[in-house]
Amino acid sequence: MNDEIMIMPMTEERISDIAAIERECFSEPWSEKALAEELDVPSAVFLAAVVGGKTAGYMGVHHLGDCAYVCNVAVSPEFRRRSVASALIGAQITRARQAGMHEISLEVRSSNAPARALYEKFGFQRLGTRPNFYSQPTENAEIYSLYLD
């Protein structure tokens, strides 16, 4: 199998795969309809990671003013620990810089140590906590930002 990670814009053809990854990864997954609606949002930059022809993961970001906000990052369990999330994050940072963004912000579950370590590897800084931000289960979110200037 070709292990090269290809990063490309999310397309309608990949929506059902991405929705399946959402269901694998999250207790409150985005629906196919919600994902498809993002294709028509001018501020949305949703990227898919493809490995060996299969959708391995995706990352959605909204560009708002000069700040990019990460909506979601998800990698299929089959493709974890293979740099898929790193490739997606790197591509979104590049796109944010190209679009003139000055900051990328996100929330991540407090218990998600692997994701927090990955964001920190890219230079994201923890700025604070949002109490009870997540449900199913209820959990705090850690707020992270990366300053691009």
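**Contacts, cores and a pocket in a predicted model**

Student: Among contacts between residues at least 6 apart in sequence, what percentage join residues at least 24 apart?
Tutor: This is a predicted model, so the figure is computed from its atoms. Two residues are in contact when heavy atoms lie within 4.5 Å. Start from the chain's contacts between residues at least 6 apart, then keep those that join residues at least 24 apart. That share is 62%.

Student: How many helices and strands does the chain have, and in what order do the elements run?
Tutor: The count comes to 4 helices and 7 strands. Read from the N terminus on, the order is β-α-α-β-β-β-α-β-α-β-β.

Student: What percentage of the residues count as buried?
Tutor: Buried means under 20% relative accessible area. Apply that to the 149 residues of the chain, and the share is 43%.

Student: Which element supplies the largest share of the largest nonpolar core?
Tutor: That core has 30 residues, and V84, I104, Y119 and F124 have the most contacts inside it. At least two residues each come from β2 (44-51), β3 (54-64), β4 (67-75), α3 (84-98), β5 (103-109), α4 (113-121) and β7 (139-147). The largest share is 7 residues, and its source is α3.

Student: Leaving out residues up to four places away in sequence, which residues does Y119 touch?
Tutor: Y119 is among the residues with the most contacts inside the largest core. Its partners beyond four places are V73, I89, L106, V108 and F124.

Student: Which residues are closest to the centre of the largest pocket?
Tutor: The pocket holds about 1,200 Å³ of space. Its lining has 36 residues. Closest to the centre are F26, V73, N112, A115 and Y119.

Student: Which element gives the largest share of that pocket's lining?
Tutor: By residue class, the lining divides into 22 nonpolar, 7 polar and 7 charged. By element, β4, α3, β5, α4 and β6 (125-134) each supply at least two residues. The largest share, 7 residues, comes from β4.

Methods
Residues are numbered from 1 along each chain as its sequence is written. This is a predicted model: local features need pLDDT of at least 70, side-chain atom pairs count only at pLDDT 80 or more; totals for chains, interfaces and linings use all residues. Side-chain values use heavy atoms; hydrogens and water are left out. A nonpolar core is a set of buried Ala, Val, Leu, Ile, Met, Phe, Trp, Tyr and Cys residues joined through side-chain atoms within 4.5 Å. Buried means under 20% relative accessible area, exposed over 50%, partly exposed in between (1.4 Å probe, protein chains only). On a 1 Å grid over the protein atoms alone, a cavity is a set of points where a 1.4 Å probe fits but cannot get out, and a pocket is an open set with protein on both sides within 12 Å along at least five of seven lines; lining residues have an atom within 4 Å of a point. Grid points are joined across faces, edges and corners, and a volume is the space filled by probe spheres set on the points. Ala, Val, Leu, Ile, Met, Phe, Trp, Tyr, Cys and Pro count as nonpolar, Asp, Glu, Lys and Arg as charged, and the others, Gly among them, as polar.
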